[in-house]
Amino acid sequence: MPARRSVAAAPAPLTPSDYLRKSLSARVYDVARETALEPARTLSRRLHNKVLLKREDQQPVFSFKLRGAYNKMAQLTPEQLKKGVICASAGNHAQGVALGASKLGTRAVIVMPTTTPQVKIDAVKQLGGEVVLSGESYSDAYTHALQLEKKQGLTFVHPFDDPDVIAGQGTVALEMLRQLQTLGSNRLDAVFVAIGGGGLISGVANIIKAVRPEIKVIGVQMNDSDAMMRSVQAGERVTLPDVGLFSDGTAVKLVGEETFRGASGLVDEFMTVDTDAVCAAIKDIFVDTRSIVEPAGALAVAAIKQYAAQHKTKGETYAAILCGANMNFDRLRFVAERAEVGEEREALFAVTMPEERGSFKRFLEVIGNLPGGQRNVTEFNYRMSDSQQAHVFLGLTTQSKGESAKIAANFDKQGFKALDLTHDDLAQEHIRHMVGGHSALSQDERLLRFVFPERPGALTKFLNLMRPGWNISLFHYRNQGADYGRILVGLQVPAKDDKAFAKFLSTLGYPYVEETGNPAYRLFLRR
Ligand SMILES: Cc1ncc(COP(=O)(O)O)c(C=O)c1O
């Protein structure tokens, strides 16, 4: 008879009640704050549903991540704390671990990929973390962190796949459920949660399903970084070969084992959103709070808008967790530009018109008479390239979704062939900056840079005033949201007209700089 081996039973999986107990006794408030749950008034009015914002962007390190990291570290034994902790992260987890460790008086080694921006390295150092740069990607840094963990006897603090980390993140939901009562109604139909590795949603879903299971938990991912949704659909963890990096806080190729179990069993629905929708949501959040969140921090709001539109809901109450605000300042320009597209506040077109005098003016009249009221020209780029036809890259403000196709049809009807580029990534990201180049047709060209006060209708006024007898061979204008508009104009002025041209410029009265002698003009634009 074979000897019976005693096998240690695997611990039973934690239930929502277990997590409720763990979250209720989690230690997070040594470093984290109880953040506000507040109504987003403008967005609520627009969506005809009440939208509540959980302001995790206002945590000391500008994200919820310090809750889980600190709870994990606070459970360590004095011996473990004496040796120190280690993690691999280029983002918010790194800052959470560094802050928590300094509070607990322990050493924190943070392994970051060599590609990590200096601002993030500095932030971790400022919080007392020891930064080790290793490898080109997160996985390289992770492998190195595991080696250091062993070699130096450090304790690894996982960014998401650890019950203590999950329980720490669950305190967000505990607060929300309590705070609801202070907002006049206990009603909450759904909570929307961004997912990276799944720590936050596991924590939140366990609490919600233990206490108020009727509240829907909706997980939100980027459409190019949806490892959790795919894994749940496949019934097993799926590794994505690549992930989009725009929402860097949620860019995870492989979700955790425990977080996968939590999300598969407890999350009611998954949704994906795209970059333009996230940019528009960043703007919505700004309008209501005057705060700027990072892309991951806006996923939940983008999903609420999508959900309300898809299900045509009215009078429901939704909560979005604004999970982070570590936004690089230099990304704001991209976000502002794409927000207009995400909301369809700007439409873009390629308009073809006859290359003849008076065409621009006629076209401006068509713009002025478009149905739907006054529109501003946000962009007008043109370079002469053909003796028969002119192609203008045009941007116009719009008021509602779906308008661009109607405007294009209207241009067509008026004899200006128009291609709707509103949803064309190539046009959005590249072509708009590339209109121009040398033109063999532009003899006698003079190049002028004008500055004028940026007001509604300013460009139209400028073009109307600028109706000299000389042909416009180049025009470049982009509304940058600044107080002064900047326009570059090429005009074909024969030498014999020099005097008349000087007179025209002084009558026009706009400040200008003549750039005809600029070497950059010679290299890139002149004939
Ligand atoms: C701002 C922000 N949002 C969301 C997440 C995703 O959290 P989780 O990995 O727990 O799903 C992160 C993770 O770092 C984050 O920093």
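Helices (H or I, at least four residues) and strands (E, at least two) are DSSP runs, numbered from the N terminus. By that count, helix α9 gives the most to the shell around the ligand, with three residues.

This is a predicted model, in which local features need pLDDT of at least 70, side-chain atom pairs count only at pLDDT 80 or more, and totals for chains, interfaces and linings use all residues. Residue numbers start from 1 along each chain as its sequence is written.

**Ligand shell**

The ligand is surrounded by 22 residues. A residue is near a molecule if its C-beta atom, placed from the backbone, lies within 6 Å of it. Asn92, Gly196, Gly199, Gly249 and Gly324 are the closest. Two or more residues come from each of α5, α9 and α13 (295-311). By class, the shell has eight nonpolar, 12 polar and two charged residues. Here Ala, Val, Leu, Ile, Met, Phe, Trp, Tyr, Cys and Pro count as nonpolar, Asp, Glu, Lys and Arg as charged, and the others, Gly among them, as polar.

Two strands pair if DSSP finds at least two bridges between them. Strand β8 (residues 216-222) runs parallel to β9, and five bridges join them. Gln221 has Thr272 in β9 as its bridge partner. Axes are lines fitted to C-alpha atoms, for helices over the stretch in contact, and angles run from 0 to 180 degrees between N-to-C directions.

**Four-stranded sheet**

A second open sheet has four strands in the order β5-β4-β3-β6, with parallel pairing. Its edge strands, β5 (130-133) and β6 (155-156), each pair on one side only. Four bridges join β4 (residues 108-112) to β5, and these strands run parallel. Val109 stands opposite Glu130 in β5. Helix α5 lies across β3 (85-88) and β4, at about 165 degrees to β4.

**Helix pairs**

| Pair | Axis distance | Angle |
|---|---|---|
| α3 (residues 65-74) and α5 (residues 92-104) | within 8 Å | roughly 40 degrees |
| α8 (residues 163-180) and α9 | 7 Å | about 50 degrees |

The α3 axis is thus oblique to α5. α8 and α9 are oblique to each other as well. Angles under 35 degrees count as roughly parallel, over 145 as roughly antiparallel, 65 to 115 as roughly perpendicular and the rest as oblique. The α3 and α5 crossing is right-handed. The α8 and α9 crossing is right-handed. A crossing is right-handed if the near helix is turned clockwise from the far one by less than a right angle, and left-handed if anticlockwise.

Two residues are in contact if their C-beta atoms, placed from the backbone, lie within 7 Å. Residues of α3 including Leu66, Tyr70 and Met73 meet residues of α5, among them Asn92, Val97 and Leu104. This contact divides into nine nonpolar, four polar and one charged residue. Between α8 and α9, the contact includes Val165, Ile166 and Leu177 of α8 and Gly199, Leu200 and Val211 of α9. It has 12 nonpolar, six polar and no charged residues.
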